[in-house]
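Subject: Structure handover

Hello,

Here is the structure you are taking over. Please open it first, then read the notes below.

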Amino acid sequence: MNQTIINLANQPDLYDIKMSYQTKGNFWIALDSETKKVVGCIGLVSLTNDNVALKKMFVLPTYRKDGLGRKLVETFLDYCQEKRKKFYLITKKFLVLYVVV
């Protein structure tokens, strides 16, 4: 099975989060409470007609299985519901449309 290595070099939008996400979407980070280092993130980009897409979601391996990913997704969904947005999640195999009512 081919695996794609994800690193900062092939994620150029992460070099300018304000321009890539915050001007036309939103971006949340999770910090380690002790070290204050970023341990997870989730990004939202605006599409057309009040549609948005979940574009980035990362959680460091040592922070997985503790509910951090779930909390990031819940934050994303809460935002979509509050702003009355429909969102798309696009993966290599699936396109999922979720309509917030």
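Contact means heavy atoms within 4.5 Å. Before going on, note that this is a predicted model: local features need pLDDT of at least 70, side-chain atom pairs count only at pLDDT 80 or more, and totals for chains, interfaces and linings use all residues. Residues are numbered from 1 along each chain as its sequence is written, and side-chain values use heavy atoms, with hydrogens and water left out.

Back to Asn51. Asn51 is found in strand β3. Helices (H or I, at least four residues) and strands (E, at least two) are DSSP runs, numbered from the N terminus. Asn51 counts as buried because its relative accessible area is 11%. The classes are buried (under 20% relative accessible area), exposed (over 50%) and partly exposed (in between), with a 1.4 Å probe and protein chains only. The side chain of Asn51 reaches the backbone oxygen of Thr48 at 2.9 Å. Tyr88 is 37 residues from Asn51 in sequence, yet the two are 7.5 Å apart in space, C-alpha to C-alpha.

**The chain as a whole**

The chain has two helices and five strands. Along the sequence they follow the pattern α-β-β-β-α-β-β. Of the 101 residues, 31% are buried. Among contacts with a separation of 6 or more, 34% are between residues 24 or more positions apart. The chain exposes about 7800 Å², and carbon and sulfur atoms supply 55% of that area. Accessible areas come from the Shrake-Rupley method with a 1.4 Å probe; for residues, only the protein chains shown count as cover.

Start with β1, residues 25–31. Five of its seven residues are buried, so β1 is largely enclosed by the rest of the structure. β1 pairs with strand β2 (residues 38–46) in the antiparallel sense, over seven bridges. Two strands pair if DSSP finds at least two bridges between them.

**Salt bridges**

How many salt bridges does the structure hold? There are three. A salt bridge is a side-chain nitrogen of Lys or Arg within 4 Å of a carboxyl oxygen of Asp or Glu.

- Asp13 and Lys56 meet through their side chains at 3.5 Å, N to O. The pair links distant parts of the chain: Asp13 lies in the segment before α1 (17–22), Lys56 in strand β3 (residues 51–59), and they are 43 residues apart. Both Asp13 and Lys56 are buried.
- Asp50 and Lys85 meet at 3.1 Å, N to O. This pair also links distant parts of the chain, 35 residues apart: Asp50 is in the loop between β2 and β3, Lys85 in the loop between α2 and β4. Asp50 counts as partly exposed because its relative accessibility is 47%. Lys85 has 18% relative accessibility, so it counts as buried.
- Lys83 and Glu82 meet at 4.0 Å, N to O. Lys83 is partly exposed, with a relative accessible area of 41%. Glu82 counts as exposed, at 61% relative accessibility.

For Lys85, the loop in question runs between α2 (68–83) and β4 (86–90).

**A nonpolar patch**

Which residues make the nonpolar surface patch of about 270 Å²? They are Ile29, Leu31 and Val38. Patches are made of residues with over 30% relative accessible area and no salt bridge: like charges are joined within 9 Å, nonpolar side chains (Val, Leu, Ile, Met, Phe, Trp, Tyr) within 5 Å. Ile29 lies in β1. Why does Ile29 count as partly exposed? Because its relative accessibility is 48%.

Best wishes

How values were computed. Polar contact = N/O pair within 3.5 Å; in protein donor to acceptor, adjacent residues only side chain to side chain.
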